[in-house]
Amino acid sequence: IMITDTSDTNPIYDIRPGDIVAMNAVISNTPIFGENEHNSYAYKHKYQHTIQINDVDVLFEEGKMGIMDAVREEMRLVLHESMSDNMAELAYSVLTGDATDVDETIMTNFLRTGITHIIAVSGMNVVFIAVILRLLMKPFKLKEKWQIIIIIVVLILYCALCGYAVPVTRATLMYVFLMFGKIFGYQTDGLSSVSLSGIVLMAVSPLVVFDVSFLLSFSVLLFL
């Protein structure tokens, strides 16, 4: 269910993941498939109903966060303790792709200069993580197979941290396929890996083909 706040005071702004929300409201259907159209946003975010509320409708109490939500909140807290609020939210956006609380002025400046891709997670994040982990493990002289397994586990966790954003998931799948081929002695190539990554993503979530990030992520790679 997607909740839309129509009040001026925004009373649910401080609600965190895991909190228990109680309200009196009318639920409206948000069909994913309609006549000659589809709602890929609703499909992507897994909701089929919408609720509109105002400042007299909502009561909430603190609940228990999931593991990844707790990690995100702890990361955000550490960033806010280390730098200014604006820079902390900008850094959090670069790390997780969540630009919800980035200052509007900063977002406007990024849009005007055409560099909003800087605060969007992408395959580059995956490359940075893989390279850094390789460098960190080098002094321990681990067998390459174990290095690859450790990197894959960390990348999967990073995918979960980013909410399985398409570019990060695509890059992680490509790395997994390439490295598995290397471990088991199969010949691999980038085109096969990116194609297989696309097949896996579409098998799990067919309407992802209408997602702009999916289209851009794969089209750019295929035309390189």
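A salt bridge here is a side-chain nitrogen of Lys or Arg within 4 Å of a carboxyl oxygen of Asp or Glu. The model is predicted, so local features need pLDDT of at least 70 and side-chain atom pairs count only at pLDDT 80 or more, while totals for chains, interfaces and linings use all residues. Residues are numbered from 1 along each chain as its sequence is written, and side-chain values use heavy atoms, with hydrogens and water left out.

The whole structure has six salt bridges.

| Pair | Closest N to O distance |
|---|---|
| Arg76 and Glu89 | 3.2 Å |
| Asp101 and Arg76 | 3.5 Å |

Together, Glu73, Arg76, Glu89 and Asp101 are linked in a network of salt bridges. Glu73 and Arg76 both lie in helix H2 (residues 67-82), three residues apart; helices (H or I, at least four residues) are DSSP runs, numbered from the N terminus. Arg76 and Glu89 are both buried, where buried means under 20% relative accessible area, exposed over 50%, and partly exposed in between (1.4 Å probe, protein chains only). Asp101 is partly exposed, with a relative accessible area of 29%.

Elsewhere, Ile132 in helix H5 (residues 123-137) is partly exposed at 48% relative accessibility. The C-alpha atoms of Ile132 and Ile151 are separated by 9.7 Å, and the two residues are 19 residues apart along the chain.

Definitions and conventions. Helices (H or I, at least four residues) and strands (E, at least two) are DSSP runs, numbered from the N terminus.
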